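Here are a few notes to read alongside the structure. Keep it open while you go through the points.

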Amino acid sequence: MRLRPARLFAIVSAAGLLWGCAGRQAVRAPAEAYGTVRDMATEEELIRARATLERDPRGPEGGPAAFLLVRQAVRQGRWGDVDVLSSKFEKDVPASPWLPPILYLRLETAKHTEGALRLLQRIDDGLRRFPQDQSFASAAQELVAAAVAAASQSDLETFLSGSSDGPLAPDVLLALGRLEAERGADDEASRNLRILVARFPSSAAAPRAFEILRELSKKIPVNGRVIGVLVPETGPSAPLGTSLAQGVRLAAETMPPPGGPPFEFVFADTAEDPAQAVRALQTLVSERQVIALLGPLFSKTALACAAEANALGVVLMTPAALSARLTQTGPYVFRSAITPEQQAAAIARFAVQARQCRRFGILAPDTAYGRSLAAAFTTALVAAGGTVLAESRYPASAADFSDAIVDVGGADIASFKESDEEFRRGGQAELEVFLQKFFSAAGDLAPAPAPVAPPSATIAADPASATPIQAPAAVAPSNAPPQATRVACFTLTSEPYTFELAQRLRAAALPVKTVTVLNPESGTQFSAYLTRPEAASHGTVSGPEELALSELLGEAQSGRDAPLAVLVAVHEDAVTPQTQTLLCAFAMYDTRTGRRMARHEFRARRPLPSPGNRYGIEALYLPVSGTQLLHLVPQLVYHNLSVTLFGSDTWDDEALRKRPEAVTLDGYFTTAFWPDLPDSRTADFTRKYQERFAAPPDAIAAASYDAARLLMRAALASDSTREGFRQSLAGTGSFDTVVGPAQLTAQRELERDPVILRISGGTIVPAR
């Protein structure tokens, strides 16, 4: 059958239409949906979508079907259907990945049905709800520009009152600042724009805010050659304030400007009180019209001033405050102090590379600064190739560091003392056995009886012992004078336990006998002349040591009453990892005849002290004060943990400077400045400072000198506005300090290597 041309054309057209519908690329992923918002769906697609939602809205096709139906309602202006459909899907499938593009369609609806304020609030809510969805954020941003442009000042202020820290806050603050600047409300505009750059420094709105601030800054009267200094002139920190002031004055004298009037530094007393410091800052800014501020010294006061400096749009540089939060408060705060991270990194590299120490322990006070230094050192040490094997902390006010030292690997001396005392009590019991023989034998040699002692008379063998030793009773005629028999107690070794036994024996013998304790050296000089032992009825002198004792007392007591000699000997027998066996011997001799009168031997197992440095560390990192270091070092030695020490600038205090000889271990620490560095820049600064102020400079003076020079340099390169000054200072880059080169980072920190010092031979000297 032949078809007419017209009918053929109709069939072909219909087929093409059907093919086009069938070939339409369906949206299969949520991220692709935003590019199809303007598309229209066919009736067949809508029928299938409705059927899918009725059958299984939670299935894989439910999301695309809901999006298609909501999109069609938006395209047709059926705003009520948009709300109904999207709300139902959100209720049925609250975790669907298709919710962001569907809720974006609701934002499209709000653009037509609600005002700019409501649209901004809806966008802000959506961005909070889907913070990780970059496709939603990019699509929503297109609506933000239109909403902000359409918003009134009242709309913007109302939005910020309910969402001052939300995702859209930077855009709204920028828009509000623009409106206020356009109507001449410069103070309000500056305030809102500074809030923007302080809270959201990385936002896309921050660069434009800085541009407007710079233009507004040109309208504020500022003296480009006047710099305010916030310094503690009164209170406990006044001596440090003097150092700061002298460093600043020397900088002003040694760096005159190449042209124009000289710089003037105006000082205001903070007393290191935050409230007083803020009032001083406000006076310097408003009345003296300073272009920048130097100070305060300490973090608490500096943080209070940092917030005000950011609010007023004036640069503040602190030379000594250490809080990491300072530069995070806003773009107008700079810090020239060496940070804990810089210190830790420098000493970690030095320890590994220069001193070849890789196995570390950390012993730190449990304070915020101690914890931050310990954490920074650990990170830096690992990066340098070292390892932290043990870490321990102690209360900041501690004077006894024993527990912390044991935790980090020191010998547990306290536990050893407890078990050693048990051993000593056992030795005391054996000593009492010998004393019974001693008193019995001594009574046989007494030339004359002594008066009767009361039966209850006792003499303690050890003044600290609760166990008494019964003194023997002897009967003597009432008219016979008492006669003394001299007894020497001779110890053969310098082992501490030997000497203690001798002293206990002496205490037990008195007042029955007189006992003299002789040291080992006394026997050594006599034994060199002895060749043979003497025989006796009660036993043989067994060796040269006993013969030395007999000979010694024989010579010493020649022509007098027969003295008694008591030998105390302790010899190590076998040693195990935990204990050692001791052979203990007591012997008493009549030194006139060489007769052995009494002898007693016993073996005892005594504990060995626990070994120090259980973890095999090569060095300790101690971020402590110099005062605590002086207490720590002898306790480290006592606990058998005599290793190389590394520390921070906290070592550098008056206590350590006065007594560096008390640090008997090799020690290295970081500090910001040392006047005796072998560097021409340091030598030149130190000489000028001493000539000007008749005193050596300290770290505060050096830091203030560098900070003042840096501020003057930025002022000379700026356009004499505060915002221009901030940008000039931020772009400083490299800078030469009194101890070497430094770099001002993008985070507004002056980055440089600290000085590393060594405590050696009772002096503090540069380590490199």
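How are α4 and α6 oriented relative to each other?

1. Keep in mind that this is a predicted model. The axes of helix α4 (residues 62–75) and helix α6 (residues 99–113) cross at roughly 10° and come within 9 Å. Angles under 35 degrees count as roughly parallel, so α4 and α6 are roughly parallel to each other. Where they meet, α4 brings residues including Phe 67, Val 70 and Val 74, and α6 brings residues including Ile 102, Leu 105 and Glu 108.

2. Stay with Glu 108 for a moment. Its side chain meets that of Lys 111 in a salt bridge (3.5 Å, N to O). Glu 108 counts as buried, at 4% relative accessibility, while Lys 111 is partly exposed at 35%.

3. Next, look at Glu 90 and Arg 129, whose closest N and O atoms are 2.5 Å apart in a salt bridge. Glu 90 sits in helix α5 and Arg 129 in helix α7, so this pair ties together parts 39 residues apart in sequence. Across the whole structure, a search turns up 32 salt bridges.

4. Now try Glu 180, in helix α10. Glu 180 is buried but has no salt bridge; Arg 183, the nearest side chain of opposite charge, is 4.6 Å away. Among the residues Glu 180 touches are Gln 153, Glu 157 and Asn 192.

5. Finally, the largest nonpolar core has 130 residues, and Leu 629, Leu 645 and Leu 729 have the most contacts inside it. Helix α26 gives the most to this core, with eleven residues.

Terms used: Residues numbered from 1 in each chain as written. Predicted model: local features only at pLDDT ≥ 70, side-chain atom pairs only at ≥ 80, totals over all residues. Heavy atoms only, no water. Helix = DSSP H or I, 4+ residues; strand = E, 2+ residues; numbered from the N terminus. Buried < 20%, exposed > 50% of the residue type's maximum accessible area, 1.4 Å probe, protein only. Lys, Arg positive; Asp, Glu negative; His and termini not counted. Salt bridge = Lys/Arg side-chain N within 4 Å of Asp/Glu carboxyl O. Contact = heavy atoms within 4.5 Å. Core = buried A, V, L, I, M, F, W, Y, C linked by side-chain atoms within 4.5 Å. Axes fitted to C-alpha atoms, helices over the stretch in contact; angles between N-to-C directions. Parallel < 35°, antiparallel > 145°, perpendicular 65-115°, else oblique. Lists of a residue's contacts leave out its neighbours within four places in sequence.
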